[in-house]
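Here's a quick briefing on charged and aromatic side chains. Have a look at the model first, then read on.

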Amino acid sequence: MIIGGNQLSYFVNPTFIVLMLTSVYSITVMLSQAHYMITNREKTRDLMKFLGDDSKSDKEIEAFAADGKTPHRRMILAALKHNGKAEETLIALLGEEVKSLRWEAEQRLAPLGTIANVAPFIGLFGTVLGVIRAFHDISAKLGAGPSVVAGGIAEALI
């Protein structure tokens, strides 16, 4: 179906544009988060097998951990920085690394939550504008036929 000039105006509606932009942003964030999760996976069985071998030296473990930038390996590197210091220091180092990893994982999720909370109200606003337009068209034409209100109702539904 080819969109005519009058039907195209529904897609130029500012409410529709805002909803489309927030949808594009949301999809971008979801794809970005999926990429982050996929690229930061660690094969736990291989990791546990490597770390379970007591014959590994600190240098070998450090080389293994430095080989990838997954969260598990970054935690291992943070623990290796401890290297004989007090237990409180180890807890502080690991705590800082956990905060850093959490910030990376949740970097753009706050705006996504805001969009999820606000989007229904933006849609409701668009519906109200469409109904207002329908009533305006009725008052301008001094009649209440279906063709008079069809444009406003279509805008409200979009």
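Are glutamate 97 and arginine 74 buried or exposed? Both are buried, where buried means under 20% relative accessible area, exposed over 50% and partly exposed in between (1.4 Å probe, protein chains only). Keep in mind that this is a predicted model: local features need pLDDT of at least 70, side-chain atom pairs count only at pLDDT 80 or more, and totals for chains, interfaces and linings use all residues. Residues are numbered from 1 along each chain as its sequence is written, and side-chain values use heavy atoms, with hydrogens and water left out.

**Salt bridges around arginine 74**
- The whole structure holds 4 salt bridges, each a side-chain nitrogen of Lys or Arg within 4 Å of a carboxyl oxygen of Asp or Glu.
- Glutamate 97 pairs with arginine 74, with the closest N and O atoms 3.0 Å apart.
- That pair links helix H6 (residues 87-105) to helix H5 (residues 71-82), its partners sitting 23 residues apart; helices are DSSP runs of H or I, at least four residues, numbered from the N terminus.
- Glutamate 104 also bridges to arginine 74, again with closest N and O atoms 3.0 Å apart.
- Glutamate 104 is in helix H6 and arginine 74 in helix H5, so this pair ties together parts 30 residues apart in sequence.
- Glutamate 104 is partly exposed at 26% relative accessible area, while arginine 74 comes in at 18%.

- Glutamate 96 and lysine 99 meet in a salt bridge at 3.8 Å, N to O.
- They lie 3 residues apart in helix H6, about one turn.
- Lysine 99 is exposed, at 56% relative accessible area.

**Rings**
- Arginine 73 lies over the face of phenylalanine 64, 4.0 Å from the ring centre (the rule: NZ of Lys or CZ of Arg within 6 Å of the ring centre and within 35 degrees of the ring normal).

How values were computed. Helices (H or I, at least four residues) and strands (E, at least two) are DSSP runs, numbered from the N terminus.
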